[in-house]
Every structure is written in structure tokens, then in C-alpha cells.
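Here's a quick tour for anyone meeting this model for the first time. Take a look at the structure, then read on.

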Amino acid sequence: TGAIPTELVENELFGHDAGAYTSARGPRRGLIAEAEGGTLFLDEIDTLPLAAQVKLLRFLQEKEYRPLGARRSVSANVRVIAASNVNLAGAVADGRFRQDLFYRVNVLPLTLPALRAHKEDIPMLAHHFLAKYGHEYGFAGTEISVGAMGRLSEYDWPGNVREFQAVGMRA
């Protein structure tokens, strides 16, 4: 959700009917409809604007939503997983995240440790990204030297796996 411009969040989540706004020539399914019967992953949920948080909360409570411009609500059967890079309880205290939404999405909290806390995964990740980008960029079969693996393992990776992936892509 963090990559979606504020004015488009509701349209992305709930979709719209034809005529909902000037350029809405036809209906469009939102992410909730696309996830029907499955899982909707909301990354960086802390970046949702407060108005969208209200509508998301209503959807999570009622299992219904109304696409923009629609006359009727639509039921949905979706499991929602939300992620954040910030402490949501702190965002609630700061007034940046709704407390009622926090309680709704914090049913089964999982805290993933930073990459620096499980460096034993670095060789597996390094080989994964080497195979992925080696194939993509025409360097299949390339190996990682023992020295390079040692340097990868010594670094603390403040950007976690995303930083590690970027280094793998750059290499």
C-alpha cells in the first residue's frame, strides 16, 4: 500500500463502477476482489491515509465493501495479512495509525528478525539471488568466492534482505 498514491488507495483496494469519477469509463475490480477466496497482503499498512484506514477497518469488521460509485456493498472472503516496517503501537501513540485498526490487524503478530540476527541464511540467500540474477542477466553458472561469502556474512545488512537483494543484483 505504501507505493500507491494517497488519492488512489481506495480505488486500488475496493475498485470502482463505471462513472465513479470522470475517467472511470468502465468498472474495475480492486485488490480485495482480486484476492477473493485467497489472501490479500497489505505491505506498509502504516502508510495508509487515515480516511482509507477507516474504510479498511469497516471492511475487516463486516467482510463487505463498496466499490467507488457503486450502489451496493459486495461481500468478500479474503484473509488479510498486513506488514509494516514501523512499530504500529508507536504509530498509534503518535496518532498516525488508528487504534481500532491496530487491534483488528494485530490478531496474530509476527516479528521477523533482521538479517543480521540470522546470518546463517546469508549463503542460501546469496546462492538464490546469484541464480536468479545470473539467469536473468546471462551469467548463469557464476560462483561466489569464499572471500566474497565471508564479506557478505560479516556485514550487518541494515537494509535487511532488500539491501542484500540489491547488492546481489548489482554484483
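## The aromatic cluster

Phe129, Tyr133, Tyr137, Tyr155, Trp157 and Phe164 come together as one aromatic cluster. Before going further: this is a predicted model, where local features need pLDDT of at least 70, side-chain atom pairs count only at pLDDT 80 or more, and totals for chains, interfaces and linings use all residues. Residues are numbered from 1 along each chain as its sequence is written, and side-chain values use heavy atoms, with hydrogens and water left out.

## Two ring pairs

The whole structure has eight aromatic pairs. Rings of Phe, Tyr and Trp (its six-membered ring) pair if their centres lie within 6.5 Å; planes under 30 degrees apart are stacked, over 60 edge-to-face, and the rest tilted. Phe129 and Phe164 make a tilted pair, 6.2 Å centre to centre with 45° between the planes. Both of these residues are buried (under 20% relative accessible area; exposed is over 50%, partly exposed in between, with a 1.4 Å probe and protein chains only).

Tyr133 and Tyr137 are stacked, because their planes sit at 20°, with ring centres 6.2 Å apart. Tyr133 is buried at 6% relative accessible area, while Tyr137, at 44%, is partly exposed.

## Asn11

What does Asn11 touch, leaving aside its neighbours within four places in sequence? Asn11 is in contact (heavy atoms within 4.5 Å) with His16, Tyr21, Arg28, Gly30 and Leu68. With 6% relative accessibility, Asn11 counts as buried too.
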